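Here is a briefing on one protein model.

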Amino acid sequence: MHAYPRFLAEESEVGVAPRVSILSAPLAATVSWGEGTDQGPRAILDASPALEVFDDELLQETIQAGIETLAPLDFTGCSLEAVCERICQAVSAELARDRFPVLLGGEHSVTTGAVAALLREYPDLHVVQIDAHLDLRDAYEGTPLSHAAVMRRLDDLAIPFIQVGIRSFSQEEWLLVQERGWQPFFMRRIKAEADWVAKVCAGINGPVYLTVDVDGFDPAIMPATGTPEPDGMSWAMATDLIRALVREKRLVGMDVVELAPRPGAEHAAFCAAKLIYRTLGYLFEPLFAGQGGRP
Ligand SMILES: [Mn+2]
């Protein structure tokens, strides 16, 4: 018996040196509505053994690439600054041993720590954000490291980013977007522009960190989150984007944040687990090429 749940449980024991590290960051400090994001990582890990290890799109057992789940980070008594520092150190340690880091939130503030680690390794890092929200507030309820200000903090560091799935924002954020000339991929734009994925890729000329706030998805497939905004992204939209990001750009890390499990909405955690597995599938596709689904 393990002390904490692992991604794909005992099926992850494949006897190869792991290429992926799953890090849990169970933080719920500044959530605005709908609590429980600290339970998100465990819910995703608990749901993962229900996944079919043979990927139905890629026709490979991605698990054979080696996926190790690490012990959850402990934020007891930590300020938000200390939380971000702890995440930065943990992600840096995984990069140092050539692992692809997958960070499970927790609220969106955790992204700041992971991006700081990636930025040390890749000064030309770009961030792609799937989210219902712009998260461009200067601060939220007096907290600059709030989940609602996470992209503003990345802008402070002059990190280029592209926002996808957007359909909820404040006037302050809207004015900032106009002032800066940013072109977020609002939901209505995704629906109107058939080549939106190519346009996202065209805006990237460096390694990519992907941050997925699960509220970017439609609440029909992702109801378990603090702000389940209607008319969100479909599974096909998200996977079309991620497939292109992996195949045409260089994906160097990812997080999945803001899952707040609730009874009766267990499919949300399963969807998040499958999104991670599919993304890793794209990433390690070359390992399996022409080998009948085995590396
Ligand atoms: Mn959001």
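Buried means under 20% relative accessible area, exposed means over 50%, and partly exposed lies in between, using a 1.4 Å probe and protein chains only. Helices (H or I, at least four residues) and strands (E, at least two) are DSSP runs numbered from the N terminus. This is a predicted model, in which local features need pLDDT of at least 70 and side-chain atom pairs count only at pLDDT 80 or more, while totals for chains, interfaces and linings use all residues. Residues are numbered from 1 along each chain as its sequence is written, and side-chain values use heavy atoms, with hydrogens and water left out.

**Sheet**

- Eight strands make an open sheet with parallel pairing, in the order β2-β1-β3-β8-β7-β4-β5-β6. The edge positions belong to β2 and β6 (185-186), each of which has a single partner strand, so one side of each lacks a neighbour in the sheet.
- Two strands pair if DSSP finds at least two bridges between them. Strand β1 pairs with β2 (residues 67-69) in the parallel sense over three bridges, and V20 stands opposite I67 in β2.
- Strand β1 is also joined to β3 (residues 100-105) by six bridges, again in parallel. The bridge partner of V20 in β3 is F100.
- Strands β7 and β8 (residues 251-257) run parallel and are joined by six bridges. M254 in β8 is the bridge partner of L210.

**Enclosed elements**

- In strand β1 (residues 20-25), six of the six residues are buried, so the strand is largely enclosed by the rest of the structure. V20, I22 and S24 are buried on one side, and S21, L23 and A25 are buried on the other.
- Helix α1 (residues 40-47) has six of its eight residues buried, so this helix too is largely enclosed by the rest of the structure. The buried residues are G40, P41, A43, I44, L45 and A47.
- Contact means heavy atoms within 4.5 Å. The cover over the buried residues of α1 includes β1, β2, β3, β8 and α9.

**Nonpolar cores**

- A nonpolar core is a set of buried Ala, Val, Leu, Ile, Met, Phe, Trp, Tyr and Cys residues joined through side-chain atoms within 4.5 Å. The largest one has 62 residues, and F7, V164 and W196 have the most contacts inside it. Helix α9 (residues 266-288) gives the most to this core, with 13 residues.
- A second, separate core has 38 residues, including F75, I166, F186 and V257.
- Leaving aside neighbours within four places in sequence, W196 is in contact with V164, F185, I190, M233, M237 and L241.

**Manganese site**

- Donors are N, O and S atoms within 2.8 Å of the metal (3.2 Å for Na, K and Ca); water is not among the atoms, so sites may look incomplete.
- The protein donors of the manganese ion are D131 (OD), H133 (ND1), D213 (OD), D215 (OD) and D215 (OD), at 2.2 to 2.7 Å from the ion. The spacing of the donor residues in sequence is D-x1-H-x79-D-x1-D.
- D131 sits in the loop between β4 (126-130) and α4 (150-156), and D213 in strand β7 (residues 208-213), so the pair ties together parts 82 residues apart in sequence. D131 and D213 are both buried.

**Individual residues**

- S146 is in the loop between β4 and α4 and is buried, with a relative accessible area of 1%. A polar atom of the S146 side chain lies 3.0 Å from the backbone nitrogen of A148.
- W182 is in the loop between α5 (171-180) and β6 and is partly exposed, with a relative accessible area of 22%. Not counting residues up to four places away in sequence, W182 touches L136, D155, F161, L176 and V177.
- The C-alpha atoms of W182 and M222 are separated by 27 Å, with the two residues 40 apart along the chain.

**Cysteines**

- A disulfide is a pair of cysteine sulfur atoms within 2.5 Å. The whole structure has zero disulfides.
- The cysteine sulfur closest to that of C88 is in C84, 9.0 Å away, which is too far for a bond.
- C88 counts as buried at 2% relative accessibility, and C201 is buried with a relative accessible area of 4%.

Definitions and conventions
A polar contact is a pair of N or O atoms within 3.5 Å; within protein, one must be able to donate a hydrogen and the other to accept it, and residues adjacent in sequence count only if both atoms are side-chain atoms.
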